[in-house]
Amino acid sequence: MNEIPGATDDHRSRRMWRALEPVHAVVYFAPECQAACEALGTKGYWMSYFALRAAPLGPAAAELVAALFYNFHPGLVARSVPAVWELAGPERYLDLRLQAVDAALRRLLGAEVLGSPEMAAVAAIARDAALAAPTAGRPLAAANLALEWPEAPHLVLWHAQTVLREQRGDGHVAALLTAGLDPGEALVLFAADHAMDAEWLRRRRGWSEEEWTDAARRLSERGLLEEGALTPAGRAVRAEVEARTDALADPPVAAIGAAAADRLVDLVAPLVSAIIGAGGFLAANPMGLRPLVPVT
């Protein structure tokens with residue numbers, strides 16, 4: 001494997017993702033978002049998830065959503081898409097998600113924080129980073145960046161991180177493809193690397209026991225997995241995937257500069273602490289995300 005400089009947990013692009021992602025993640029974890037979708041007629045968590053995350057793509061087919069989201073079983077996606085577009089058009093979901101995120105952040109942070117100079121400052125820096133994010137070959141990032149920017153600073157911050165995290169995610173898919181890991185294999189290897197409950201992750205992403213076992217067998221045949229644990233070669237593949245992901249997500253951080261990036265991380269910390277403290281973030285999450293601020 002060719003080593004990529006900065007393949008560590010404190011790479012600056014990974015640090016920024018860990019700092020900001022809980023702000024974006026309210027769209028998945030705050031009850032306001034699912035409730036708003038259910039008012040349109042969606043059923044259960046996954047219909048709202050796929051509708052809200054895929055809406056920037058337009059009325060995308062299940063095959064396209066599964067391809068871009070990568071590690072979800074196509075059958076899980078197909079149970080929600082295109083049914084969600086029959087309930088409402090993507091434009092309606094886009095309006096709804098911004099309204100729901102607004103309501104969630106107002107509840108989690110309070111009016112004083114939302115109207116503070118610090119919120120305005122962190123939103124401005126995050127927006128600069130998002131505008132500098134390369135979108136060539138990154139369809140989810142491009143689709144979100146093409147949307148009209150909101151006006152309220154807390155929604156600017158949320159939208160900026162939405163662009164940045166999808167830009168990072170698009171790059172992560174490219175890294176997985178380069179490593180020769182299909183969606184099921186990527187999940188099996190990820191679960192082993194993070195000592196995650198494999199059964200929980202398998203069900204969460206919609207894969208059958210047989211498909212999961214077959215993916216593990218293929219990884220074992222490549223020498224990446226042995227009795228459910230990563231081999232040295234498997235650890236090297238995982239390290240390279242994450243290092244490539246960090247490198248591909250780095251241009252926005254480089255564009256704003258180290259001082260602005262550090263200020264962004266510092267300013268967002270109390271906001272994220274408040275979100276976590278108010279129950280707006282799921283500590284045990286399928287992303288394996290460990291926020292920079294403590295999660296109790």
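Let's start with Tyr-70, which sits in the loop between α5 (62-69) and α6; helices here are DSSP runs of H or I with at least four residues, strands are E runs of at least two, and both are numbered from the N terminus. Keep in mind that this is a predicted model, where local features need pLDDT of at least 70, side-chain atom pairs count only at pLDDT 80 or more, and totals for chains, interfaces and linings use all residues. Residues are numbered from 1 along each chain as its sequence is written, and side-chain values use heavy atoms, with hydrogens and water left out.

Most residues other than glycine have a negative phi, and most peptide bonds are trans. Tyr-70, though not a glycine, has a positive phi near 75°. Buried or exposed? Tyr-70 is buried, at a relative accessible area of 10% (buried is under 20%, exposed over 50%, partly exposed in between, with a 1.4 Å probe and protein chains only).

Now go to Glu-227, in the loop between β1 (225-226) and β2 (229-230). Its phi is positive too, near 55°, but Glu-227 is exposed, with a relative accessible area of 82%.

Next, a peptide bond: Val-81 to Pro-82 is cis, with omega near 15°. You'll find Pro-82 in the loop between α6 (74-78) and α7 (83-87).

Last stop, helix α3, residues 31-40, whose buried residues are Glu-32, Cys-33, Ala-36 and Cys-37. They lie on the same side of α3 because they cover an arc of only 130° around the axis, taken from the directions from the helix axis to the C-beta atoms. What do they pack against? The partners are α2 (26-29), α4 (44-54) and α8 (90-109), with contact meaning heavy atoms within 4.5 Å. After α3 comes Gly-41, with a positive phi near 115°.
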